[in-house]
Amino acid sequence: MSRDLGLRRHRRLDRCVLTAAAVTALSLTASGCVVVHGEREVLPATSRAEAAKALEEFTAAYNAADKAYDGSLDAEHTTGALAAIDGARLKAGRANNPEGNPRHAPLKLTDARFTIPAKAGWPRWFLADADANKGGETRWLLVFTRNGLDEPWEAAYLTLVAPGDLPGFKTDKDGWAEAVPANASDVAVPPGELSQGYASFLKEGGKVFSDGPHTSAWRAARAKRAERPGLARQYIDEPMTGGDYAPLALRTEDGGALVFFTTRHFEKQTAAAGASVPTPNKDVLALTTGEITQSLTMEFVSNEVALDPPDGEVRVLGRIQGLVSAKGE
């Protein structure tokens with residue numbers, strides 16, 4: 001719902017002429033006019049028609065950027081983790097294929113469903129999940145955000161999830177969903193703490209997250225890779241929670257939350273004396289500064305989606321990770 005509609009819905013029926021100064025006031029008691037701030041009133045983040053338009057515009061921009069390997073073509077439609085991951089992919093592709101993407105196949109999203117929370121304040125955001133012609137049988141989950149009425153909708157999170165893993169969402173009588181605050185204490189882990197919790201789990205293990213490909217299996221794969229003789233591997237995992245990387249959560253039917261969050265990961269490969277670091281592929285080289293002699297440090301950004309129950313272990317449903325930079329030494 002637009003702010004204008006929100007104002008009209010809550011405005012008194014008496015006829016008042018509101019000046020620009022009056023619009024910024026919460027109430028004008030002298031005249032009897034009341035103006036409600038969209039920033040303070042609980043309102044749906046957008047209409048379903050506008051959400052569908054945002055998804056359509058994103059898809060068109062994404063395809064144009066992918067075809068040309070030109071990040072400027074979808075820069076106004078992405079932010080946060082998705083912008084970091086896909087921006088680096090496009091940069092590497094451009095460096096290796098200046099004429100564009102020779103393997104470009106347009107992304108097509110169908111059967112789109114929109115979960116739109118009603119909330120006060122900014123950012124406003126919503127979830128789109130759709131079938132795609134890429135990614136097998138998974139559903140594509142895209143979270144769109146914006147920080148003001150004059151700003152475009154931007155996709156901040158993109159994850160792929162098996163259809164059977166998607167939860168049901170709690171909605172009101174009008175079908176609007178409920179946003180779960182970052183500091184919510186009625187779920188196993190407050191959404192605002194999941195990024196740090198995940199980074200700590202990858203380093204130390206623990207019982208916060210259930211076993212799966214993005215938790216226990218990932219830790220095991222790392223440990224196995226570290227066993228290679230002649231090549232030491234070090235890992236550092238960090239939370240990312242500020243600004244456009246802030247976690248976003250929706251209330252599920254069981255009282256838990258579906259949480260989208262971001263983490264940063266570093267992998268340093270150091271060759272033993274007399275040996276060398278394996279030569280990375282051309283996309284890694286395109287994002288690498290410095291000369292690779294004894295070591296290579298790679299930086300990745302990862303965005304995750306997890307089921308955060310009222311109590312018990314958190315289950316990570318999906319994760320997309322991308323290299324954003326590398327440094328040779």
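In which strand does Asp 111 lie? Asp 111 belongs to strand β4, which spans residues 109–115; strands (E, at least two residues) and helices (H or I, at least four) are DSSP runs numbered from the N terminus. Before going on, please note that this is a predicted model, where local features need pLDDT of at least 70 and side-chain atom pairs count only at pLDDT 80 or more, while totals for chains, interfaces and linings use all residues. Residues are numbered from 1 along each chain as its sequence is written, and side-chain values use heavy atoms, with hydrogens and water left out.

**Backbone details**

Asp 111 has a positive phi, near 50°, in a residue other than glycine. Its relative accessibility is 41%, so Asp 111 counts as partly exposed (buried means under 20% relative accessible area, exposed over 50%, partly exposed in between, with a 1.4 Å probe and protein chains only). Tyr 69 is not a glycine either, and has a positive phi of about 50°. Tyr 69 sits in the loop between α3 (48–68) and α4, and is buried because its relative accessible area is 7%.

Where is the cis peptide bond that joins Trp 122 and Pro 123? Pro 123 is found in the loop between β5 (117–119) and β6 (124–132), and omega of the bond is about 5°.

**Aromatic rings**

Across the whole structure, a search finds 10 aromatic pairs. Rings of Phe, Tyr and Trp (its six-membered ring) pair if their centres lie within 6.5 Å; planes under 30 degrees apart count as stacked, over 60 as edge-to-face and the rest as tilted. Two of the edge-to-face pairs are shown here.

| Pair | Centre to centre | Angle between planes |
|---|---|---|
| Phe 114 and Phe 126 | 6.2 Å | 65° |
| Tyr 198 and Phe 209 | 5.4 Å | 70° |

Phe 114 in strand β4 and Phe 126 in strand β6 are 12 residues apart, and their pair links distant parts of the chain. Phe 126 is buried at 0% relative accessibility, whereas Phe 114 is partly exposed at 22%. Both residues also belong to a cluster that ring pairs build from Phe 58, Tyr 62, Phe 114, Phe 126, Phe 144 and Trp 153.

The other pair joins Tyr 198 in helix α5 to Phe 209 in the loop between α5 and α6, 11 residues apart. Tyr 198 is buried at 0% relative accessibility, and Phe 209 is buried at 2%.

That loop, between α5 (194–204) and α6 (216–225), also holds Ser 210. Ser 210 counts as buried because its relative accessibility is 16%. Leaving aside residues up to four places away in sequence, Ser 210 touches Thr 215, Glu 313, Val 314 and Arg 315 (contact means heavy atoms within 4.5 Å).

**The largest pocket**

A pocket is an open set of points on a 1 Å grid over the protein atoms alone, where a 1.4 Å probe fits, with protein on both sides within 12 Å along at least five of seven lines; lining residues have an atom within 4 Å of a point. The largest pocket has a volume of about 300 Å³, a volume being the space filled by probe spheres set on the points. Of its 17 lining residues, Arg 89, Ala 92, Asp 283, Leu 287 and Leu 323 lie nearest the centre. Helix α4 gives the largest share of this lining, five residues.
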